[in-house]
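Thanks for coming, everyone. Please bring the structure up on your screens, and I'll walk you through the packing.

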Amino acid sequence: MDDDLIRQHLQELRRGTVVLACLLSLRQPGYGYGLLESLDTAGIAVDANTLYPLLRRLEKQGLLTSEWNTDEARPRKFYRTSAEGERLAEALVTEWHDIDTALARFTHGGTR
Amino acid sequence: MTTALTDRYVHAATRWLPGTTRRDVEAELRERIADTVAARGDSPAAEREVLEEMGDPLLVAVDYTGREPRLIGPRYFLPWLRLLVLVVTIVLPIVGAVHIISGVASEDAIVSTLIGAVGVMINAAIQIAFWVTAVFAVLDWSGAGEGETTERWTVDKLPATAKPGRPYGETIASLVFLAVMAVLLIGQQTSSPIRFDGESIPALDPGLWAWWIPIVLVLIALEVVFTLWVHVKGWTWLAAAVNAALGAAFVAATLPALRSGDFLNPELVERLGWSASTLDNVLQGIIVGVLLVTAWDIVDGFLKARRARA
């Protein structure tokens, strides 16, 4: 099979999980580049071009709150998961497990 | 370490954004660029690399603000397309026909009238496309109707039958036929193609201008409206009845003209050297032809209405 095709579908499969990873990780406040690195270390590869706009979007949706930290030489925007974000993360985790269980039936128990 | 290059990049990315968003995105971009460049060794080469990885600043702004760079979005695309097609298909034939009729009436050469008509129609199409698009673009950008679906679809909106309207080909053929009829009707008088010794001779009795030709032109105009109506609504019993009425009106107007004997131009008859009985036969033939064609057209309308209902 075409490598590009595989990559494309893997990317689609991962897309939604990046949101979940952000919501879970940012229960501890974090800034863009720091989050990028910690996600990368955790094995969740995400492009910076995707992550930064995503953080803005999640903030707009009220799932993250933000605060500019000007203590250091460079001002940084610190994000933190809001109460609403926590609730969404919970729902997403539950869904994730449900899907996993459902898929397990196909992968382990044949095709039915 | 960031330099003037970063300043230029940030400026290019944020210059079109509105005030508060602009300052916000600007600060975020600076943070992002500074952090990434620092992680890569804080060199001018790294800065260059980072900016190039981020890509076109305008697209970055699009990503950050979530506002897609588009003129008319998915919300208004279909209403825009429908209205554009509808207006163009209704207005262009009318504009073209009006130009041809007025051109023929003013005795311009038929070729230049036709070329002029094409030009006028192209002009009208451009105007229509521009204004319809402009209105929808303003609607889309001003966020009117944001969040609500413009046209909630229900099964009631399904066409009554698989194919209610007539296919475009048939409609266009009808409109072209009607336009040609109108042009011939007027053209036979003003610039008749029938020539004897270089002299152009009208085919029909000029006396018919007093009543028959205007009536038929009005009927042709009504037929144009009728054709468009049927195209949109499809053949119904009502459409068939209107079709029959139009046909009957044509016969009612035409039969007296034919039977009075003053139908063809007497001058033409004379030049052709027809005797009174030949003329009579020709007129009889035309009467039979008119009756047959009209009768078939009326029956055809009802057949189409029945088929559309089935």
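**Helices, sheet and interface**

Let's start in chain A. The axes of helix 1 (residues 3–25) of chain A and helix 2 (residues 32–41) of chain A come within 11 Å and cross at roughly 110 degrees. Axes here are lines fitted to C-alpha atoms, for helices over the stretch in contact, and angles run from 0 to 180 degrees between N-to-C directions. Helices (H or I, at least four residues) and strands (E, at least two) are DSSP runs, numbered from the N terminus.

Before going on, the ground rules. This is a predicted model, where local features need pLDDT of at least 70, side-chain atom pairs count only at pLDDT 80 or more, and totals for chains, interfaces and linings use all residues. Residues are numbered from 1 along each chain as its sequence is written, while chains are lettered from A and ligands numbered from 1 in the order in which they are written.

Back to that first pair. Helix 1 of chain A and helix 2 of chain A are therefore roughly perpendicular to each other. The classes are these: under 35 degrees is roughly parallel, over 145 roughly antiparallel, 65 to 115 roughly perpendicular, and the rest oblique. The crossing of helix 1 and helix 2 of chain A is right-handed. Left-handed would mean that the near helix is turned anticlockwise from the far one by less than a right angle; right-handed means clockwise.

Which residues meet there? On helix 1 of chain A they are A:Ala21, A:Cys22 and A:Ser25, facing A:Leu35, A:Ser38 and A:Leu39 on helix 2 of chain A. Contact means C-beta atoms, placed from the backbone, within 7 Å. By class, the contact of helix 1 with helix 2 of chain A has four nonpolar residues, two polar and no charged. Nonpolar covers Ala, Val, Leu, Ile, Met, Phe, Trp, Tyr, Cys and Pro; charged covers Asp, Glu, Lys and Arg; the others, Gly among them, are polar.

Helix 1 of chain A also packs against helix 4 (residues 83–108) of chain A, at about 130 degrees with axes 9 Å apart. That makes helix 1 of chain A oblique to helix 4 of chain A. Their crossing is left-handed. A:Leu20, A:Leu23 and A:Leu24 of helix 1 meet a set on helix 4 of chain A including A:Leu88, A:Leu92 and A:Trp96. The count for this contact of helix 1 with helix 4 is eight nonpolar, one polar and no charged.

Now the sheet. Chain A has an open sheet of three strands in the order 1-3-2, with antiparallel pairing. Strand 1 (30–31) and strand 2 of chain A stand at the edges with a single partner strand each, so one side of each is left without a neighbour in the sheet. Helix 3 of chain A packs on the sheet, touching strand 2 and strand 3, and its direction makes about 115 degrees with that of strand 2 of chain A.

Strand 2 (residues 64–69) and strand 3 of chain A pair over six bridges. Pairing requires that DSSP finds at least two bridges. A hairpin of six residues joins strand 2 to strand 3 of chain A. On strand 1 of chain A, which pairs with strand 3 over two bridges, A:Gly30 stands opposite A:Tyr79.

Next, the interface. Twelve residues of chain A are in contact with 13 residues of chain B. What gives the most on the side of chain A that touches chain B? Helix 3 of chain A, with six residues. That side of chain A divides into five nonpolar, two polar and five charged.

One pair from chain B. Helix 8 (residues 212–233) and helix 9 (residues 237–259) of chain B pack at about 165 degrees, axes 11 Å apart. They are therefore roughly antiparallel to each other. Helix 8 of chain B passes helix 9 of chain B in a left-handed crossing.

Finally, confidence. The model scores ipTM 0.84 and pTM 0.54. pLDDT is the predictor's confidence in each residue, from 0 to 100. Mean pLDDT is 90 for chain A, with 96% of residues at 70 or more. For chain B the mean is 83, with 90% of residues reaching 70 or more.

Conventions. Two residues are in contact if their C-beta atoms, placed from the backbone, lie within 7 Å.
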